[in-house]
Each structure stands twice: as C-alpha cells, then as structure tokens.
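Please open the model in a viewer and keep the selection panel at hand.

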Amino acid sequence: MEKQLLRFYVNDQECELFINPKTLLVEALRDHLGFVGTKRGCDTASCGVCTVMVNGMAVKGCSVLAVQVNGMNITTVEGLEKDGKLDPVQAAFLDEGAYQCGFCTSGMIMSARAFLNETPAPKDTMEIRRGIEGNLCRCTGYNSIVRAIDAVAKGKYREGA
Amino acid sequence: MSLKCPVCGKLKKDPVDCARHMFGTGDKPHKAWFEAQGLSYIDLLLSQATEPGNKAYIEVGELIAKAQQG
Amino acid sequence: MTANKYSVLNTRVHNVDGYAKVTGRATYTFDVKLPGMLYGKILRSPHPHARIISIDPTEALKLPGVRAVVTGKDTLGVKQGIWRRYPELCDEQILTIEKVRYIGEPVAAVAAITEEIAEQALDLIDVQYEVLPFVDDPMEAIKKEAPMIHEGVERNVNVTRHIEWGDVEEAFEEAEYVREDWFKLGGQAHMCMETRATVASYTSDKKLTVYTSTQSPYYHQALLAGVLGLRESDIRVIAHYVGGGFGGKFELDASQFCASILSMKLSKPVKIVFTREEDFVATKRRTPMYYYVRTGVKKDGTFCAREARVFSNGGAYTGMGATALYLTGFFHSFPYKWKAYRYDGYRVYTNSLPSTSMRGFGAPQAMFCSEQQIDWIAADLGLDIIEIRRKNAHTSGYEVPGQATIASCGLTQCLDKIEQWIKDRGKLPKNRVIGISAAGFMTGGIFNWFDTPYSFSSAVVTINYDGVVELHVGAQDIGQGSNTTLAMICAEALGVKLENIKVHSGDTDHCPADLGAWGSRQTLMAGNATKMAAEDAKKQLLEFASAKFGYNIVYDVDIKDGWVYNVARPERGMHYVDLVKEALRGKDGQRIVGRGHYTPHRKGMISPAYSYMVQAVEAEIDAETGKISLHNCVTAHDCGQPINTLGLIGQLEGAASMAAGYGYLENMPVEDGKVMNPNLVDYKIIRAPDMPECEIIEIDTYEPEGPYGAKEAGEGLTNPTAAALGNAIFHATGLKMKQAPIMPEMIVNAFKEKKKEGGTP
C-alpha cells in the first residue's frame, strides 16, 4: 500500500508523517512520533488505555486510523501539563492516589479530562462513572478515580481555590 | 452396626463411618486394602469429592460389612 | 481510632512514582525501545496434546526482514520451575521440545525487523504434529485410562498435600449437626493492563540485559541464569514500572525466555510483547478447583470437625500450583478454631493452560466454600451468622495445631464492627440484601521453595551530603505502592521527611536481592529490612550527635521530622542536614550507609503474621434474570499498623473489584483445552458504573513481627467478596450457589429448580 503524507497537531505541535495508511492513530503517536504516554492493552477497542482527545473529543487511539485525523488537533497525556503546571485532573489524581500500576492512567486521565470538559458539573458520581466506563482499571477498583474527578468538578483545583 | 476396620482394627460405629475412616487415614496399608478388593482408591476418592450423596462411602461400607460377616 | 503517633506513617502522601504516572512519563517494558532492536513473535501449538515430529523454519527464514527462528532444540532444554528446591516440580521447558501439552504452548519463536513481519513469518514455519488424545478436566485426567501428560506421572497426579490435626472421626462423633457440600471453583485471568512483555539484549561479552514486566527481578535473574547457562550476575533485570502482576508475573514466561534465546543467537535486542489474546490463552491462571467440604458442629454453633478434599486443575505444568494447593487447604480452616481438621489436596495435570498463583492464592476458593457453608449451617440451626463466627473466631495467641501461631488478631473486633454496621444500615431498600464473609490471610511465606541463598529481603540506606537518603531495595513496585510504603518506613525510622527519600528498585544491577511482590510479603519483609537499614544509619548519625552535643550519658538523642534533639529537652538540638554534613567529615568523606535484611525464622509452616477481615456486601439480586448489582462493600480490616494510607484504600478497593469479578463476572470457560473468551469483550472485567462504594473500618492491632506493627493488606482482601456475594444471594433467595463465578444462568436455573421442587428453601 502506498504511503501517505499526513499533517496534524499533537499537543499544539505540528507533526508531519509519511506512513502506511493502515497505521492506527495510537501506532502513529507511539511508534512514529514518540508519544509513549499513551498505551495499548487489547485488540478489541475494549480497554481504553489508548484514549486520547481528537479535537477535544475522547477517542480510543486504536479505533481510528491516523489518516482519519489529518489536519486535526490531538491531545495526549503529555499535552496536559502547561508550563510546568499540572492539569487539575492530574493534580487530583495525585492527591487521591487514583492510580496504582499506572498503565491505564494516561488513558483514564484523558477520558476524565474530556468528560469534565463536556460535563463540568456532573449531577452525581454515577454520571462520572459512566463517563469513564470505557476505561478498564485492574488495580484501583475505580473509586479513587471517581473521587479525583469529583474533586475537580467540585472546584477544588480552580485557580485561587 | 459397629465393626472393626479391616486394616488397623479400630472400632467404628457403622459401615459408612468405617469407610470414612479408611479414606481419611489414606496411608499405604489402608490404600492397599482398597486395591486388594479390586477397587481403585483414587476413583472412589474422586467420586466422593465430586458427587453429592455418599455413594463411595456407602459402597465401601457395604463391602467391609460383608467381609466381616463372611 | 487512636490518634496518629507517627510523623510519616499512616498519612496521606503522594505516591513517590505518582508524578511520573500522571504525566505519562513512566516507561514500562511495553515502551522500551533499544537501538537495533528486533521484534519477536511466538508460534504456538494449536493442539492440546501432541508430539512434535518436526519443525521446519526454512520458508520463514526466507521472508525478507526475518533474522532468526528458534525452537526448543536451540535451547539447553532445561526443565525449569519456580519450585527450584523440588526438581520433580520443575517440569516446564517453555519452548517445549518433545511434545506440547496445552493449546498455546510455545513451539518456536521468530525475530524480525518489524512486528508485522515476525507475525507473517509464524505462518511460514512448518510444524508436523502427531496429535495425541487429550484430557482437560482433572476428574477425567485422574482416571486410569486417561492419557499420561508428563512421563512417569501416574494418574496425572502432580502434587498432593495433606493437613490434619485432632481426631477427625472422634470430633465428628461429638458433632450434633453435620453438613456436606460439593463446590466447583473456576479459574480467573490476572488480566494485567500491561500484558507480558520483555526486551532482552544480549551482547557478545556474554552479558544479558532484560527489561521485563515482573513482580520479582531477582527471581527472573536467577531463573534465566538456570535456563540459559549464564551466570546470575551477568544477567541484569530491569523493571522500573510494571503494569500489574497479581501473581502472574514472577515465574519465567515465554516473553522472557524466547526474547533471551533470540537475543543470544543474534546479539541484538529482541522485544516480545504478548497480545491480549496470548495473555489470556498462554499464561498461567488462578487454579480452578473441585471442593468437597464436610463440617460438623454442635447445635449451639461450636465448630467440631471439618474434612475437605480438593482436586485442582493444574493444567499442563506445575508453576506455583503446588503452593496454591497447600494454601487453599490451610486457609479453608481460617479464621476459625477447629477441634479437628483434615484436608487432602490433589493437583492434577490436564491439557489446558497451567494454573498458578493469583491474588489470594487459593484462599478465595477456600472462603467461597467455607463461608457459605457456615451461613447454611447457621440457617439450618437457626443461629445468628455473626454469633456463630464469633464463637469460633481465631484469637491472639491461638495455635493452629502444627501450622501457625497467631500473634496479632483483630477478628472479633472486625465481627463487632460489621455487626454494628449492619444494625446501623437498618432497613434496606427493596430487593437489597446483605451477605457477609470473614477471612484471614498470610503476610508473606516462610518456605524457601525457591532455594535462594539470600535473605528474603534486603535494604541499603545511604545518606548524601544534602541529607537526601538513597534507599535501595529489591522489593518490586507493581502498583501496590511498595516504593512509597518503604520510603515512608525509611523516613519514619530515620526521623526525616518523606521528601528526603529516594527509592531505587527494579534493577538487579543496583538493588539487593529480594523475593519480590507476591504472597503479600513486601510491607512486612522488605519493610523490616528497610527499618533495620534506616535504624542502622540513624544509629551512626546519633553517635556523631552524641559526641557533638556532649550530653550527660543518661540522656537520649533522637531524630524526628528532620530535627536531631535531646529527648528530655527537645528544643535543644540541630537540623538533621547539618548533622549529616558534619558526620561526613568525621567519616573521611564517606557517606553514612545502613544495611538491613529480613528472613523469617521459626515462624511455623506458613507465614510470620496473619491479617484478618470481615466484609459485608450489599447486593441487589434479580432471581428472574439472575442479574446482580453491588451497592455497598464494607470491610472491617485488621492489617496491624497502616503505613501508606492512600495505598491501603487503593488496595482494598482494588482487591474488592477483582474479588467481585471472581464472584459474578469473570467466567473463563475452557472447552477441549481451549479458552473460549480470550478477549476483553467476552471476558468481563468490572467497570466503573458497576463498582460499589467501598468503606473501610480499620481495626487497631499491633503485629509484633511487622515493621511498626504492620502486616499485609491487599491480598487477603480478595478472599471474602465472592463468598459474601454468595451469602447475599442465599439470604435473598434461599439459593445455595456452589459454583464460582456465579453466572446469571446459574441463578435463573437454580431458581427454576427450586420452584419445581415446591419452593421453600
């Protein structure tokens, strides 16, 4: 298959790739562009560890081809920290110990970030749980993650809070 | 009816109880008794460990009782 | 809860690896890329039992990009196993030479310049098999006519274990009520988020570096040395971050073995990462068991006698299955005093994936049977479920005859707390019901079945000029937070702030040997080693302090929160960092080094200490559809002194999620030796919306053997949940669930059966 030239933004940085069109987005990010914060954990788009944001929307990086995001803005976990300052979701995860082995964490944080962007004031914790339903975690049992997201939603990490 | 274990002579209150005791000790002489009767110790153990009801114990108990009578 | 008398222990702190994990900077073996690295793939047997006639790699080697193909014949053919002390249990070659014994067993491995090419090459390797009759159920495998899976192993009986005390027959005579039940316990997949992964890099100076996802770098260093013919010290195992283990990653697996063999052949790095399917199909799983339990009690609920028989499905190789067989029998007596007890365990080889250790190590299976039967007995006799347990509960000082002496034990307090919680909960919402289960668990094992010459745990503390402490441990952080827990113990022991501690682990070149993360051993064992090392360093520092201060000999000097002071007059002292600077000069510029180690001695047959817990699960059960929803999970928990507060909460909630999975979700059917659902669509892991709120009630006890009185937390917590759920179902519907995991069809069918028989429980 003929390689294609792609141009898209990753964490506001323009990237150019000349790759096989069969390449998945997560492969492009990890193997071609070096963003290894995003992981892979299954072959059935079930586990969510490859979650990134595409134009602000949470997407499983294994379920889209790189060609499909041509011209778009991808955010990976590496792009959340700005000027040495952690994103509130990252800070909340630290405070709640919302990770253990950490392998699902990048994808989980991206799902959490995307969820809060869309639903800044979830009506209850079940809504939060549904927001991260697509992300499996084998270590934490999810509750610390829900507490972290809830804390951000309740404004604990607002500037000046 | 009470009877003695055919291997070690311990007095047991009934045939099923005697069978239980023989399975329980599981030592070479007790195992050998099973083989001598043409029974497989392991097959009986398997049956006892996997099937509801006490078929294995009852069967062995009957055998012991018969042997005592004979 | 008593006020915290410690500066660092039992406080909420950021996990020392947290920053790396939340910013995506933590690099796992999955992420490792080395210059010139090749990619490996493994060819696996499609047959459950077959002789290998020939393997022809010719066509595969012709494929452009393929660099090597290896088979068992390219290895030393060593039959290895983790029970190194017992050669007859070392039965696995990994790249098998003569025959295959399970579907998915490795028969060849390929290295190529891309993963895709390696995958294509697999199809080009021509393997000729002579298919043999197979057997995949232990009850069939043990029959006289069953095919022999391992040469010379009669009736495929791999291991037997026997535990007995008291006169069982006599105790049954004394019993006024006897109940017997049969159970079938399923397997479970570890399902680590990071699959098995290894990058092996051999260089022609005969040195091997292995990055791998492991629970014990030392075990893998030693095991690889044994199968590769290398010197242990010429192998470096690196595991900076590990994406989960849960008991499945401390034995040698095909990713480590094949990557190493290929790398040694090519003198190039080779990376092998299992696909999720491979991880399900061709790793080892929780041991499935058939359980027979007969229990005799007095009418007032006093326990008299118990007799249990287990046939476990060993799968194709031993692995850690021998230990699981013993522990299930041991914990089946927990946490109660039995006048007489007898357990006979038989582990049977079958042509299916091998079974091994998985968080709980045979105890979840044991509790599912024991704790449910106790509720059924209580119901039969009209007794209270808490009272019957309280009556027979372990107490501090109790000796499990011939097995263990219980030191700290908070079980009775746990029962009291759960009893109170249930009372306070009051009237439950419609369709909800509570089920409980008690449990107890080990804090590390005492047996040296690995046959190591080293201390079970070691630690080195080195204090730098700026007061920062380099803590070197062999204990492995796999997510449970051992780096943080040990840093906290070190900080507390030394008297400094947590920020002063730098933890080094996960590298055999720089860290002392340690048996690693399994059996819930590290907080106690590596914790004791760390405490000893920190106290050694502190003692040396205090020698300088005493000399400097020149206090009257009766005064004590101590360090707390970075302040070195006269205990009688705490305002008199100096900053720790300043003391360090002076001490260095007094030692000719040498840093202060403290050393510590721990190996349990004369601690019985199982473990130096035992944790206890009682869990109540509030569930909603729909008997028409069999659907289960969990609403609350409350655990009264005795882990001695809590060390890492956030870590403890995480371990409890995580264990509950895994145990709930074993209770009603993670069905793993194996038919004709084939795993039927090797993917995350069909194998159900609990997801966030289904996870109940978990509440922990910590019981205050002090374990003399543990650092600051600490004992395990996290593995014992996988023991009670499935049983508690079963008990909830029993109290809601009268149905006795004798199979785990409890699938909806089972509830529906059992309900139908009950209706047929006339309804009443």
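**Stop 1: the contact of chains A and C**

Select chains A and C together: 40 residues of chain A are in contact with 45 residues of chain C, two residues being in contact if their C-beta atoms, placed from the backbone, lie within 7 Å. This is a predicted model, in which local features need pLDDT of at least 70 and side-chain atom pairs count only at pLDDT 80 or more, while totals for chains, interfaces and linings use all residues. Residues are numbered from 1 along each chain as its sequence is written, and chains are lettered from A and ligands numbered from 1 in the order in which they are written.

On the side of chain A that touches chain C, highlight α2 (88-96), α3 (105-118), α4 (125-131) and α5 (143-153) of chain A, each of which supplies at least two residues. Helices (H or I, at least four residues) and strands (E, at least two) are DSSP runs, numbered from the N terminus. By class, this side of chain A has 18 nonpolar, 14 polar and 8 charged residues. Here Ala, Val, Leu, Ile, Met, Phe, Trp, Tyr, Cys and Pro count as nonpolar, Asp, Glu, Lys and Arg as charged, and the others, Gly among them, as polar.

**Stop 2: chain A alone**

Traced from the N terminus, its elements run β-β-α-β-β-β-α-α-α-α. The C-alpha trace of chain A spans about 50 × 35 × 25 Å along its principal axes. Of the 161 residues of chain A, 53% count as buried, that is, with 20 or more other C-beta atoms within 10 Å of their own, C-beta atoms being placed from the backbone.

**Stop 3: chain B**

Bring chain B into view. No contact joins chain A and chain B, and their closest C-alpha atoms lie 33 Å apart. Between chains A and C lie the most contacts among the 2 pairs of chains that touch.

**Stop 4: a sheet in chain C**

Select the 4 strands of chain C that form an open sheet of mixed pairing, in the order β23-β22-β21-β27. Two strands pair if DSSP finds at least two bridges between them. At the edges stand β23 (501-504) and β27 (592-598) of chain C, each with a single partner strand, so one side of each is left without a neighbour in the sheet. From one strand to the next, the twist averages 20 degrees; angles run from 0 to 180 degrees between N-to-C directions, and axes are lines fitted to C-alpha atoms, for helices over the stretch in contact.

Within this sheet, β21 (residues 457-463) and β22 (residues 469-473) of chain C run antiparallel and are joined by 5 bridges. Pick V460(C): its bridge partner in β22(C) is H472(C).

**Stop 5: two helices in chain C**

Finally, select α14 (residues 522-549) and α15 (residues 576-586) of chain C, whose axes come within 10 Å and cross at roughly 95 degrees. That makes α14(C) roughly perpendicular to α15(C), a term for angles of 65 to 115 degrees. Show the side chains of L541(C), F544(C), A545(C) and K548(C) in α14(C), which meet L579(C), V580(C), E582(C), A583(C) and G586(C) in α15(C). This contact has 6 nonpolar, 1 polar and 2 charged residues.

Definitions and conventions
Angles under 35 degrees count as roughly parallel, over 145 as roughly antiparallel, 65 to 115 as roughly perpendicular and the rest as oblique. A residue is buried if 20 or more other C-beta atoms lie within 10 Å of its own, exposed if 12 or fewer, and partly exposed in between; C-beta atoms are placed from the backbone.
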